[in-house]
Amino acid sequence: MHTLQITASAPDPALLDLPWKIPLAEWPDEVLAALPRGISRHVVRFVRLSGRVIAIKEIGETVAYREFELLRQLRKLEVPSVVPVGVITGRVDEHGERLEAVLVTEHLQFSLPYRALFSQALRPDTALRLIDALAVLLVRVHLTGFYWGDVSLSNTLFRRDAETFSAYLVDAETGDLHRTLTPGQRNYDVDLARTNIIGELMDLVAGELLDEEVDVIAIGDRLVERYASLWDALTGAESFTHAERWRVAARIEALNELGFDVGELEMTTDIDGTSVRIQPKVVDAGHHSRRLMRLTGLDVQENQARRLLNDLDAYRAATERQNDDEEWVAHDWLRLVFEHTVQSVPRDLRRKLEPAQLFHEILDHRWFISERAGRDVPLPEATASYVENVLRHRPDEKSLLGLAPGETDPDFTE
Amino acid sequence: MATVTYDHASRFYPGTERPAVDQLNLHIEDGEFLVLVGPSGCGKSTSLRMLAGLEDVNSGSIYIGDRDVTDVQPKDRDIAMVFQNYALYPHMSVADNMGFALKIAGTPKQDIRKRVEEAAAILDLTEYLDRKPKALSGGQRQRVAMGRAIVRQPQVFLMDEPLSNLDAKLRVQTRTQIASLQRRLGVTTVYVTHDQTEALTMGDRIAVLKDGLLQQVGTPREMYDTPQNVFVAGFIGSPAMNLASFQVDDGYAHVGEARIALDRSSIAKLTDEDKGQITLGFRPEALEVVSQADSGAFPVEVDLVEELGSDAFVYGRLVGPKAVDAHVTSGAGNDQLIVRVDPRNVPAKGQRIYVKIRPGNEHIFSSATGQRL
């Protein structure tokens with residue numbers, strides 16, 4: 001007698017209603033929200049469940065448990081990654097034949113697979129901004145001691161983050177958590193990332209989704225450069241004379257500017273006290289998003305937070321409240337500016353983008369039309385213009401999943 | 001082509017008491033297929049990653065050929081991790097999927113084509129080279145992934161549990177393919193698995209590790225016929241070897257009614273620490289069902305019979321006076337013995353059968369050290 005076994009941190013009874021007796025590749029269209037696009041080494045399907053979308057991946061049992069556990073640990077370490085829902089084992093088909101175990105993860109709302117980004121009309125520097133986001137993610141996972149083992153664009157999801165992207169780890173199958181990583185492990189990850197990215201971009205060129213004039217090798221090399229300079233900025237040691245102690249504060253400020261907080265800084269002086277050496281020991285990403293969270297309770301991504309904080313500062317100056325408590329001003333800004341603006345967007349259009357991204361784009365739009373009109377366009381007017389001229393024509397990105405059930409993947413048609 | 005040598009190579013993690021890999025000495029011949037096998041946490045993957053440059057070597061050295069690579073960066077070691085990446089690119093032809101890493105490295109076009117064609121011939125993929133991966137079966141896709149490593153012409157292939165995320169059928173298929181391919185290519189290969197069946201069927205030689213220590217290295221036949229200690233004896237072979245403690249008296253091992261003649265030269269190696277005891281190992285297939293009167297026969301009570309068509313196994317218990325003192329272990333757990341029996345003549349559950357070890361098929365270990373005597 002076989003029994004289905006569900007291992008989950010918060011099991012959803014609705015999981016039991018899914019057709020586990022059928023191999024995932026044969027699940028009927030009515031169950032599916034979408035099929036994934038492009039490259040994956042396993043069968044993956046998206047399914048709607050209790051008002052959310054989950055991703056289901058068929059994979060060997062031990063590997064499934066391992067990845068589930070790793071993803072949980074990564075969440076605890078605050079690495080941007082997909083949320084694991086559970087592992088389901090003990091599947092058998094109607095003839096009693098054993099079926100592969102599955103790993104269930106939550107679909108990341110508003111996330112964009114890189115192939116979807118390339119099949120939309122895009123500004124030419126998108127590839128570079130994706131690479132920058134991936135470099136930040138790779139540095140963050142390496143700081144926590146996670147060796148990824150298969151870094152690629154396919155194993156990453158991207159979310160809009162103001163004018164940039166932030167990257168999320170999707171596939172931890174090949175990874176390993178260590179206390180700290182050796183330079184060999186880090187270099188290997190970076191080198192493999194470079195090879196994979198160039199391969200993925202070559203594939204886009206072959207599929208005519210990316211112009212063949214684009215130097216794909218240079219884009220791959222950029223990851224290596226961005227990674228190295230960010231790693232160096234975050235962990236490198238510097239020495240200076242005792243008289244230059246201001247450089248300690250400058251270093252911390254520079255790290256804040258990169259979006260990192262310094263949790264621990266090692267400072268040593270030589271015996272006669274003439275020179276000082278500093279090296280950050282613990283750095284945490286999310287400097288701006290933490291500050292915004294503290295002030296307003298808004299939980300948004302780093303560059304969105306930076307943008308909102310700038311607007312908050314502008315509001316403070318415009319209302320001449322520099323001497324008021326920052327928390328009070330932030331509270332008013334949240335209610336009168338941020339929430340008011342977001343709520344003035346019609347409900348059916350509002351759900352196309354995350355609120356913080358929506359607000360960021362409205363600010364951008366205001367700047368753009370103000371310049372064209374040669375006057376300062378007020379926010380309500382800018383909002384109305386943005387809704388009519390931009391948002392209405394944007395695709396819905398809340399759950400941009402891939403192919404509709406029944407649709408064939410054009411990528412796989414010769 | 002190259003040899004691989006671990007010379008007293010160790011890996012310590014800060015804050016742990018014993019090394020993850022402890023003074024590993026291992027020489028792998030040019031072209032050899034070596035399998036590192038052992039239970040989880042034994043140090044097999046760490047050993048492989050030390051060779052790959054993914055783990056520091058804290059003491060000792062590692063050589064590829066005559067070159068000391070202990071402090072060389074992974075990408076400069078001229079090794080290939082096979083299957084690290086086997087997602088195929090849908091828009092690219094099979095040939096481009098195999099050769100893209102060479103293109104990145106700036107290898108001239110005609111060289112790439114030549115190497116890809118050579119690899120494709122070995123992999124039986126020639127006719128698919130100009131097609132898209134979509135046209136391939138699951139097994140062929142696996143071979144393209146192998147092709148990616150082959151075209152790089154590395155000195156050593158490394159494979160870390162490459163089959164663990166395949167389904168059971170593809171796993172057996174790919175196992176055979178990897179083994180025969182490696183023999184055709186003749187590239188030195190180090191392969192990690194926790195599965196002793198995989199090790200026995202694939203490796204030229206097998207190295208068994210436990211707790212960071214190399215237990216034994218040898219051909220599959222040597223590992224099976226002459227395990228050097230109790231751990232290797234219990235680990236290699238399926239179902240696992242039965243192991244039990246026996247009192248030694250007058251050239252015989254006995255517990256209760258059971259009385260088994262022992263090889264004199266082995267008994268001579270017993271020391272005071274063994275306190276007149278030995279650990280006796282006998283594989284399920286080394287036992288035969290005999291009559292009670294037969295010398296060396298001992299009684300087993302049948303708990304369960306597993307019939308597999310060509311084979312049948314009895315899971316039972318050693319019975320008789322003092323049988324508990326034997327501390328029997330086997331593939332079925334504590335106190336259980338496994339006996340292979342004639343599938344056309346199986347005993348019933350609850351029946352008592354008498355079995356004896358076929359002469360020369362017993363393995364004698366020191367009860368104090370666990371070493372083969």
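In this predicted model, 31 residues of chain B are in contact with 36 residues of chain A, contact meaning heavy atoms within 4.5 Å. Together the two chains bury about 3000 Å², of which 59% lies on carbon and sulfur atoms; buried area is the accessible area (1.4 Å probe) that two parts lose on being put together, summed over both.

Residues are numbered from 1 along each chain as its sequence is written, while chains are lettered from A in the order in which they are written. Local features need pLDDT of at least 70 and side-chain atom pairs count only at pLDDT 80 or more, whereas totals for chains, interfaces and linings use all residues, and side-chain values use heavy atoms, with hydrogens and water left out.

Between chain B and chain A the count is one salt bridge, that is, a side-chain nitrogen of Lys or Arg within 4 Å of a carboxyl oxygen of Asp or Glu. D176(A) and R49(B) form a salt bridge, with their closest N and O atoms 3.3 Å apart. On the side of chain B that touches chain A, the largest share, four residues, comes from helix α2 (residues 94–104) of chain B, helices being DSSP runs (H or I, at least four residues) and strands likewise (E, at least two), numbered from the N terminus.

| Salt bridge | Closest N and O atoms |
|---|---|
| R277(A) with E266(A) | 3.9 Å |
| E361(A) with R394(A) | 2.8 Å |
| D303(B) with R317(B) | 3.0 Å |

D303(B) lies in strand β16 (residues 298–307) of chain B and R317(B) in strand β17 (residues 312–318) of chain B, so the pair ties together parts that are 14 residues apart in sequence. D303(B) counts as partly exposed because its relative accessibility is 23%, where buried means under 20% relative accessible area, exposed over 50%, and partly exposed in between (1.4 Å probe, protein chains only). In chain A, E361(A) counts as buried at 13% relative accessibility, and R394(A) counts as buried at 18%.

Helix α3 (residues 126–143) of chain A has 18 residues, which at 1.5 Å a residue should span 26 Å, and its end C-alpha atoms are 26 Å apart, in agreement; the expected span is 1.5 Å times one less than the number of residues. This helix, α3(A), is mostly covered, with 14 of its 18 residues buried, and α3(A) is followed by G145(A), whose phi is positive, near 95°.
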